[in-house]
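Reader: Please present the structure, and then let us discuss a few of its local features in turn.

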Amino acid sequence: MNADETAKAIKDMEIRGAGRIARAAAEALSDTASKDHKNIEAMKKEIIRSKDVLTASRPTAVSLYNAVQYTLKGFDDCKSVKEAKELLIKNSKEFVTLSNEAVKKIGIMGSRRIKDNSVILTHCNSSAALQCIKQAHRDGKKIKVYATESRPWRQGILTVNELAKEGIDVTMIIDSAVRTVMKKIDIVLVGADTITSNGSVVNKIGTSQVALAANEARVPFVVCSETYKISPQSMYGDMVTIEERNNDEIVKKNEISENVKIFNPVFDSTPPKYIDGIITEIGIINPGSVYEIMIKQFGTTEFR
């Protein structure tokens with residue numbers, strides 16, 4: 001898909017999940033680069049337009065922003081269309097490969113944190129968290145999974161179907177049943193859309209409530225995330241934008257009085273004190289280590 005089609009698919013929730021969104025954005029820029037361009041100036045203008053369209057499609061997902069930045073690495077220095085085209089296509093393929101490999105590595109490490117006969121709770125539809133669960137199953141561990149419905153888009157349906165296809169014992173619950181089932185849970189595994197410099201995790205709305213319930217029940221709450229979801233902008237004071245979506249995702253037209261307001265945030269933020277660990281492709285880290293990882297990944301120069 002081209003950049004406009006990809007951005008629309010992301011906005012319309014046809015492409016979901018921070019990792020999938022990131023890979024789609026990188027591939028969309030590769031598509032833009034592959035087209036015929038009159039000269040390097042015209043190409044740069046179109047690439048920048050594509051970049052802006054893509055990054056505006058999901059402002060909270062830093063994975064998308066970082067995927068775009070990775071793909072554009074070195075682009076400003078290109079002197080010809082041929083040079084720029086080859087560079088962007090190479091960068092895009094490299095990012096997609098690294099992203100997929102990261103999920104596999106997270107799955108291997110995550111499986112080691114899951115004991116035999118564990119009961120697991122997951123929220124929304126995280127490819128990294130699900131890889132941990134599927135890897136544990138493939139490793140021969142007997143597990144049972146509870147997955148939230150994850151309203152309003154009900155990403156939990158994707159999750160339960162994916163796990164059921166693997167032959168995993170899975171039960172979908174309504175979001176408000178989290179505290180009720182928490183007494184049965186041995187470990188909570190969730191994904192992340194953005195990780196800030198202080199170790200907070202921005203993820204699907206309801207994640208923070210799951211964390212609170214887990215904390216109350218003394219159940220480990222573990223985040224599964226690729227390091228490219230760390231937000232370098234947060235180190236310099238930028239706040240993570242919590243996206244709000246349309247009212248019609250919550251109520252049908254004329255279902256309630258027009259005087260009633262609807263608040264429909266897509267994400268919330270879970271403080272580091274409720275997070276027992278973050279499983280990444282470079283190892284399992286605690287939230288307090290995020291700043292150090294960020295410096296290693298992006299350096300100390302302000303990220304623009």
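Author: The model is predicted. In it, Thr194 has a bridge partner in β6, namely Val202.

Reader: Over how many bridges do β5 and strand β6 pair, and in which sense?

Author: Strand β6 covers residues 201-204. Its pairing with β5 is antiparallel, and the number of bridges is two.

Reader: Which helix packs on the sheet, and what angle does its direction make with that of β8?

Author: The packing helix is α9, residues 207-217. Helix α9 touches β6 and β8. Its direction and that of β8 make an angle of about 35 degrees.

Reader: What is the order of the strands in the open sheet, and which strands stand at the edges?

Author: The sheet has three strands with antiparallel pairing, in the order β5-β6-β8. Two of these strands have a single partner each, so one side of each is left without a neighbour in the sheet. The edge strands are β5 (194-195) and β8.

Reader: Is Lys229 buried or exposed, and with which side chain does that of Lys229 make a polar contact of 2.8 Å?

Author: Lys229 lies in the loop between β7 (221-224) and β8 (267-270). Beyond its neighbours within four places in sequence, the residues in contact with Lys229 include Asp193, Thr194 and Ile195. With a relative accessible area of 3%, Lys229 is buried. The side chain that joins it in the 2.8 Å polar contact is that of Glu226.

Reader: Why is Leu189 classed as buried?

Author: Leu189 belongs to strand β4 (residues 187-190). Residues that Leu189 touches, beyond four places in sequence, include Ile114, Cys132 and Val222. Buried means under 20% relative accessible area. Leu189 is therefore buried, its value being 0%.

Note on methods: Residues numbered from 1 in each chain as written. Predicted model: local features only at pLDDT ≥ 70, side-chain atom pairs only at ≥ 80, totals over all residues. Heavy atoms only, no water. Helix = DSSP H or I, 4+ residues; strand = E, 2+ residues; numbered from the N terminus. Buried < 20%, exposed > 50% of the residue type's maximum accessible area, 1.4 Å probe, protein only. Contact = heavy atoms within 4.5 Å. Polar contact = N/O pair within 3.5 Å; in protein donor to acceptor, adjacent residues only side chain to side chain. Pairing = 2+ DSSP bridges. Axes fitted to C-alpha atoms, helices over the stretch in contact; angles between N-to-C directions.
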